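Could you look over my notes on the aromatic side chains before we talk? I'd like a second pair of eyes on them.

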Amino acid sequence: MPSSNVVTVLNGICFCSSLLVTSQCKIMKCNSEFLAATSGPHHLGTEETPELCTALRAYAHCTHRTARTCRGDLAYHSAVHGIDDLMAQHNCSKDGPTSQPRLRPLPRGDSQERSDSPEICHYERSFHKHSPPPNYTHCGLFGDPHLRTFSDSFQTCKIQGAWPLIDNNYLNVQVTNTPVLPGSSATATSKLTIIFKSFQECVDQKVYQAEMTEVSELPAAFDDGSKNGGDKHGANSLKITEKVSGQHIEIQAKYIGTTIVVRQVGRYLTFAVRMPEEVVNAVEDRDNQGLYLCLRGCPLDQQIDFQAFRSTTEIRARRKGPSPPPTSQAAFTYETATAKCREKLPVEDVYFQSCVFDLVTTGDVNFTLAAYFAFEDVKMLHSNKDKLHLYERTRALEPGNTAGTAPPLPLLLLLVLVCLSQQPALFL
């Protein structure tokens, strides 16, 4: 199919979408990205079917990402149907490369360019000079445990046992949370596993694992004892650096533009990551995407209503009056916990509130440092300095877990009929 016909199909879909799309449904964004990939100075003709298939797969993945908010949206379903038809016409496989992340293709065998050149295994350098920089996001987990998602939702969760924090095409992160005290519902992260998947000519698969015991220290190397990405030419695009012996490490994965910070605070671990948005969303198994905590947050039945806890604790504190300083674990009152947390966290944001919550529920003073270091990591990793402090916790599913409200169905059907009458070949 000539490129002009591809653009005609897209224009038909975009025309319908402009009339029909709901406020939360992001199908127009998917349409625009596909149009940009298949038009302009690099038209895709019949002789470039592999490139067209790549663009169609990226288009399909984009529609999958917005599926939750587009349920019942006829423009969305029209786009999905159109993609399927185009892929069938060009014999495109559903499995294969997509256009994200925007890493340069590997050099041909006759090229003199080394595969560890900065452009190939350095995510930021893969962007053209005049293109906008990538959009970075942050996720963090610390304390009892508190989760800040990639969309800056902040939650306090129960999540005992093993849970996936990140699960995409490039790496997996899983945490295991155990009770802080015997019989207590308060938990904290005692084990962390990070798997960096093998990627092109940049890195071999590498596994980083930390598990806290009474005598353990934070490892400063991958499981195989190495500190980089292995034997490939671009191995140094993945590196572990020990910042504080046995307590603080940083992992730079330059080939996917990602920085990970892991700390040991007392007997528990904290985790923080800075990652480009397109790497965050590079997920093949869309059906299980809801389990990806950094993206979707904790399930509702695993979230703790912090505001109710805070109100109850404040009422008790007012009834009892001033309390003496704590002398042992599990002896913090709301008043003494507030005073202790203010020493490290002068701003009464969610990190301060988390510190107070953890001291009252666990009595472990190390949680003060966990909240402090979590905020220090936010200052280093968050791309928007105006969003460092958060003041309200979120006790709801992330945007996308509920479908948006669509316009009345009769109106939608009428508009679709108008679209189809103006684009008779749209799905032929």
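The points below cover aromatic pairs and charges over rings.

1. A caveat to start: this is a predicted model, where local features need pLDDT of at least 70, side-chain atom pairs count only at pLDDT 80 or more, and totals for chains, interfaces and linings use all residues. Numbering runs from 1 along each chain as its sequence is written, and side-chain values use heavy atoms, with hydrogens and water left out.

2. Searching the whole structure turns up eleven aromatic pairs (Phe, Tyr and Trp rings, the six-membered one for Trp, with centres within 6.5 Å; planes under 30 degrees apart are stacked, over 60 edge-to-face, the rest tilted). One of them is F150 with Y292, edge-to-face at 6.5 Å centre to centre and 85 degrees between the planes. This pair links distant parts of the chain, 142 residues apart: F150 is in the loop between β2 (146-148) and β3 (154-156), Y292 in the loop between α6 (277-280) and α7 (293-296). (Helices are DSSP runs of H or I, at least four residues, and strands are E runs of at least two, numbered from the N terminus.)

3. F196 and F222 are edge-to-face because their planes sit at 80 degrees, with ring centres 6.0 Å apart. F196 belongs to strand β6 (residues 187-196), while F222 is in the loop between β7 (206-211) and β8 (238-244), 26 residues away. F196 is buried at 0%, and F222 is buried at 3%.

4. Then the charges: the charged end of R274 sits over the Y136 ring, 3.7 Å from its centre, and K344 lies over the face of Y372 at 4.8 Å from the ring centre. (The criterion is Lys NZ or Arg CZ within 6 Å of the ring centre and within 35 degrees of the ring normal.)

Terms used
Buried < 20%, exposed > 50% of the residue type's maximum accessible area, 1.4 Å probe, protein only.
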